[in-house]
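Subject: Structure for you to look at

Dear colleague,

Here is the structure I promised to hand over, with the sequence alongside. My notes on it follow below, and I would be glad if you read them with the model open.

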Amino acid sequence: MDHASAYLAETRAFGELVRAADPTAPVPSCPGWNIEQLFRHVGRGDRWAAQIVRDRMDEFLDFRSVADGKPPADRDAAIEWLNGGAQLLLDALDRTGPDTPVWTFLGPRPASWWIRRRLHENVVHRADAALAVGAQFTLDAAVAADGIDEFLERIVIQAGKDGAPLPLEGGDTLHLHATDPGLGEAGEWTARLHGGGVAWSHEHGKGTAALRGSAAELLLALTRRVVLADTGVERYGDDAVWRRWLDRTPL
C-alpha cells in the first residue's frame with residue numbers, strides 16, 4: 001500500500017469535512033471535544049510527528065513545543081495549515097530517510113512508521129468528524145484492513161502493559177472477518193493469547209467471539225467509534241469476550 005498517498009488523501013478529506021462544519025459542534029466519539037478541538041488535535045499531531053522525524057528525535061516532544069502548532073483563525077487558511085502539516089511530515093521523511101530510527105510511543109522505530117500511524121490516526125478522526133456532523137463515512141477497504149493490522153500490531157506491544165489485564169483470557173480468541181470483496185486472507189484476523197501476551201494472524205477460524213462486516217465498520221468498532229448495534233456488523237459467540245476486549249485495549 002502507498003501509505004504516503006493515502007495519508008495525504010485522508011488528511012484532505014478530513015479538512016473538507018471540517019471546512020463546512022460548525023466548529024462548536026460536539027464530537028460524541030471524543031467526549032469533551034468539539035470539531036475545532038478535533039481539528040487542532042489532528043493538525044498539530046501531524047506537525048508534531050514531522051518535527052520528531054525532521055529532528056531525528058530520540059525522546060518525547062512536548063506538544064506545546066510544536067512549531068506552528070496552532071491553526072490560523074481564517075477557515076480556509078486553517079485548512080491549508082492542516083494539509084501543509086501532512087506534507088511537512090512527508091518532506092521530513094525524505095530528508096531524514098525512512099529507515100532512520102526516531103522516537104515513537106512504542107519505542108524507537110524507523111521514521112517511516114510515522115506515516116502509517118498518522119494515516120490511520122487521521123482516518124479514525126475523519127470518522128469522528130463524520131459522526132459528529134451526520135455525514136456518511138466511507139473508506140477504501142484496503143486502507144481499512146491495513147488500519148486493523150496497524151491497530152493489532154500496537155495491541156501486541158501495549159496490551160497488558162504496566163500490569164493491566166490482558167484483553168483475552170484463557171483459550172479465548174477473537175476473530176474478525178471483513179466481507180469486502182477482493183481482500184482475501186488480508187481480510188481475516190484472529191487474536192489469541194501467546195507467550196504471556198497477545199498474538200494475531202490472518203488466520204481463518206470461528207473464534208470464541210467473532211465479528212463479520214465491512215473492514216471499515218470493523219475498524220471503527222475496534223477503535224470504539226461505533227457500537228455494533230449501529231452498524232451492519234454481525235457478532236457471533238461469547239459477547240463477554242468482545243466486551244472484555246473493548247474494555248482492555250488501549251486506543
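D128 has a relative accessibility of 0% and therefore counts as buried, where buried stands for under 20% relative accessible area, exposed for over 50% and partly exposed for anything in between, with a 1.4 Å probe and protein chains only. This is a predicted model, in which local features need pLDDT of at least 70 and side-chain atom pairs count only at pLDDT 80 or more, while totals for chains, interfaces and linings use all residues. Residues are numbered from 1 along each chain as its sequence is written, and side-chain values use heavy atoms, with hydrogens and water left out.

D128 sits in helix α4 (residues 113-133); helices (H or I, at least four residues) and strands (E, at least two) are DSSP runs, numbered from the N terminus. The side chain of D128 makes a polar contact with the side chain of R225 at 2.8 Å, a polar contact being a pair of N or O atoms within 3.5 Å, of which, within protein, one must be able to donate a hydrogen and the other to accept it, and for which residues adjacent in sequence count only if both atoms are side-chain atoms. Apart from neighbours within four places in sequence, D128 is in contact (heavy atoms within 4.5 Å) with V27, S29, C30, L38 and R225.

Turning to the sheet, five strands form an open arrangement in the order β5-β4-β3-β6-β7, with mixed pairing; two strands pair if DSSP finds at least two bridges between them. β5 (197-201) and β7 (234-237) stand at the edges with a single partner strand each, so one side of each is left without a neighbour in the sheet.

Strand β3 (residues 173-178) is largely enclosed by the rest of the structure, because six of its six residues are buried. T173, H175 and H177 point one way from β3, whereas L174, L176 and A178 point the other way. Five bridges join β3 to β4 (residues 188-194) in antiparallel fashion, with R192 as the bridge partner of T173, and five bridges join β3 to β6 (residues 209-213) in parallel, where H175 stands opposite A210. β4 and β5 run antiparallel and are likewise joined by five bridges, A191 standing opposite W200 in β5.

With kind regards
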